[in-house]
Amino acid sequence: MKPVSLQLAIGIATCLGICAPALANFEVSPFVLRLHADQGQLSGWFEVKPNQDQRPVAVELTLFDRVLDINGVEDQNSRESKDLTIYPSQLVVYPGEKVKVQVVWAGASAPIADRAYTVLAKEVPVNLNQPGTKDALELNFKTLVRYRCIVAIETGKKGNLSVVSTKKIDSANSEIVVENKGAGRIPMEGFRLLIAGKKYENFPGLANAIMPGDKRRFVLPISAPPAAADIHFGASDGPLK
């Protein structure tokens, strides 16, 4: 079925005297949409569907730059991105139906390094007063449900980690700051540090991949900060490739 705009949905709801209930359920999949730029794939699809059978759900989707701080935590207030377009960005999905939403790279040329974006999907409920009441018509766009999904653009290139600095934090811990100077992301799944023959894993700073150009801060239970030359990067299957 063709997606319906929010404006049309509001008009239909007004004519039928429909009021949105207090709760809503919908889901967006996949959680991570991968676009393989190295293979010429610069567009893809999300799927939106309701999680209940009682009523249609109005959903609004917005694309944001996915910005991570030095600890690997996502900035929840990053700016809206113009690198990609998403259509339809406003839709109504009906019980038993699924609506496909297309994401397309909007740049003049294909990206030359891995990138990541966040899609914020939120329900936009419409509260309408009943016809004939003395109260004026009121539209309430309070957000009830939010989903955060990821668009990952992959170029097939490799990341390249280097140590930026090390320093002592306190009597028991040291900080290691690294930077990804390559064009590919560095996944944190199975990531580990090898320092003076000892393996370190499951330490702070392993949330989310390290994107090209990003720095990451690791905190390890080491009393004396190691020299950069003594730090080696590894993964679950061996040395970091």
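The legends below describe an overview and several close-up views of a predicted model.

Local features are given where pLDDT is at least 70, side-chain atom pairs count only at pLDDT 80 or more, and totals for chains, interfaces and linings use all residues. Residues are numbered from 1 along each chain as its sequence is written, and side-chain values use heavy atoms, with hydrogens and water left out.

**Figure 1. Overview of the protein, with 1 helix and 16 strands.** Helices (H or I, at least four residues) and strands (E, at least two) are DSSP runs, numbered from the N terminus. Of the 241 residues in the protein, 40% are buried. Buried stands for under 20% relative accessible area, exposed for over 50%, and partly exposed for values in between (1.4 Å probe, protein chains only). Among contacts between residues at least 6 apart in sequence, 69% join residues at least 24 apart, where contact means heavy atoms within 4.5 Å.

**Figure 2. The open sheet of 4 strands, in the order β1-β3-β7-β5.** The pairing is antiparallel; two strands pair if DSSP finds at least two bridges between them. β1 (26-29) and β5 (84-87) stand at the edges, and each has a single partner strand, so one side of each lacks a neighbour in the sheet. From one strand to the next, the twist averages 20 degrees. The angles run from 0 to 180 degrees between N-to-C directions, and the axes are lines fitted to C-alpha atoms, for helices over the stretch in contact.

**Figure 3. Strand β7 (residues 99-105) and its pairing with β5 and β3.** β5 pairs with β7 in the antiparallel sense over 4 bridges. Within this pairing, Tyr-87 has Gln-102 of β7 as its bridge partner, and Ile-86 has Val-103. Strand β3 (residues 43-50) pairs with β7 over 6 bridges, also in the antiparallel sense. Ser-43 stands opposite Val-104 in β7. In a regular strand the side chains alternate between the two faces of the sheet. The covered face of β7 holds Val-99, Val-101, Val-103 and Trp-105, while Lys-100, Gln-102 and Val-104 are on the uncovered face.

**Figure 4. The aromatic cluster of Phe-191, Phe-203, Phe-218 and Phe-233.** These residues are linked by ring pairs. Rings of Phe, Tyr and Trp (its six-membered ring) pair if their centres lie within 6.5 Å; planes under 30 degrees apart count as stacked, over 60 as edge-to-face and the rest as tilted. A search of the whole structure finds 3 aromatic pairs. Phe-203 and Phe-218 make an edge-to-face pair, with 5.2 Å from centre to centre and 75 degrees between the planes. Phe-203 is in the loop between β13 (198-200) and β14 (215-220), and Phe-218 is in strand β14, 15 residues apart. Phe-203 counts as buried at 7% relative accessibility, and Phe-218 is buried with a relative accessible area of 0%.

**Figure 5. Glu-154 in strand β9 (residues 146-154).** Glu-154 has a relative accessibility of 16% and therefore counts as buried. The side chains of Glu-154 and Arg-34 are joined by a polar contact of 2.7 Å. A polar contact is a pair of N or O atoms within 3.5 Å; within protein, one must be able to donate a hydrogen and the other to accept it, and residues adjacent in sequence count only if both atoms are side-chain atoms. Leaving out residues up to four places away in sequence, Glu-154 touches Arg-34, Leu-35, His-36, Ala-37, Asp-38, Asp-114 and Arg-185.

**Figure 6. Val-67 in the loop between β4 (57-65) and β5.** Val-67 is partly exposed, at a relative accessible area of 38%. Apart from its neighbours within four places in sequence, Val-67 is in contact with Val-73, Glu-74, Asp-75 and Ser-78. Arg-79 is 12 residues from Val-67 along the chain, and their C-alpha atoms are separated by 9.0 Å.

**Figure 7. Lys-215 in strand β14.** At 40% relative accessibility, Lys-215 counts as partly exposed. Not counting residues up to four places away in sequence, Lys-215 touches Asp-69, Ile-70, Val-164, Val-177, Val-178 and Glu-179. From C-alpha to C-alpha, Lys-215 and Gly-72 are 8.7 Å apart in space, and they are 143 residues apart in sequence.
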